[in-house]
Amino acid sequence: MSIRTPIKISAVFMIFASVLFLSGCTTPAELTEAKQYPKAPDPGFTLMDGSTTSLADYQGQSVVLVNFWGLRCQNCIEEMPFLERLHNKYGGRGLVLLGINTDGVDAELLTKFLPQLPVKVSYPIVVDPDFTLADSFQMMAAPLTIVVAKDGTVRFRHEGYEPSIESKYVELIEQLLAE
């Protein structure tokens, strides 16, 4: 019996590790590049002002940074000042930053809580009360940031936030805006 137990535990561990690997689960410090640049999903979405749009509306003209965040997510809140700086610096040069809320709430409730955040957010906030976008982008953890090139392909996907990755985003955004 003692010989079989380590084998069972080892087999269970290997299955669990394989599932995590195949599901795309990443560590917070990992910045992964899409190998074949898959097309970004394109469900329609609603902004806080009630207008609707989709990623296809930006294709050919803008690089889109999609950031999934939550009101109770400390890393999400810590990342917001950096995202605001990106929006302010590159918004006039073709970067569109979309902050997609993952709390499952409507625009009315978000309007109440946004002023309580430690940073004023001027980039568009998307409401996703039915988790349509979160499901489309296979969001497993927040924050999740996805960079979509002008051709509509996903170029980078990153889960988590650490200030050390900021320079990588700047480099990537500048590269994609120049394409």
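**Exercise 1.** How many bridges join E7 to strand E8 (residues 154-159)?

*Solution.* The model is predicted, so local features need pLDDT of at least 70 and side-chain atom pairs count only at pLDDT 80 or more, while totals for chains, interfaces and linings use all residues. Residues are numbered from 1 along each chain as its sequence is written, and side-chain values use heavy atoms, without hydrogens and water. Strands (E, at least two residues) and helices (H or I, at least four) are DSSP runs numbered from the N terminus. Two strands pair if DSSP finds at least two bridges between them. E7 and E8 run antiparallel and are joined by five bridges. Within this pairing, Ile146 stands opposite Arg157 in E8. The hairpin has five residues between the strands, and Gly152 takes a positive phi near 85° there.

**Exercise 2.** State whether E7 is enclosed or open.

*Solution.* Buried means under 20% relative accessible area, exposed over 50%, and partly exposed in between (1.4 Å probe, protein chains only). Five of the five residues of E7 are buried, so E7 is largely enclosed by the rest of the structure. Leu144, Ile146 and Val148 point one way, Thr145 and Val147 the other. On E4, Asn67 has Thr145 as its bridge partner; E4 and E7 run antiparallel, with five bridges.

**Exercise 3.** Describe the setting of Ser62.

*Solution.* Ser62 lies in the loop between strand E3 (52-53) and E4. Its relative accessibility is 9%, so Ser62 counts as buried. Contact means heavy atoms within 4.5 Å. Leaving aside neighbours within four places in sequence, Ser62 is in contact with residues including Gly94, Val96 and Val148.
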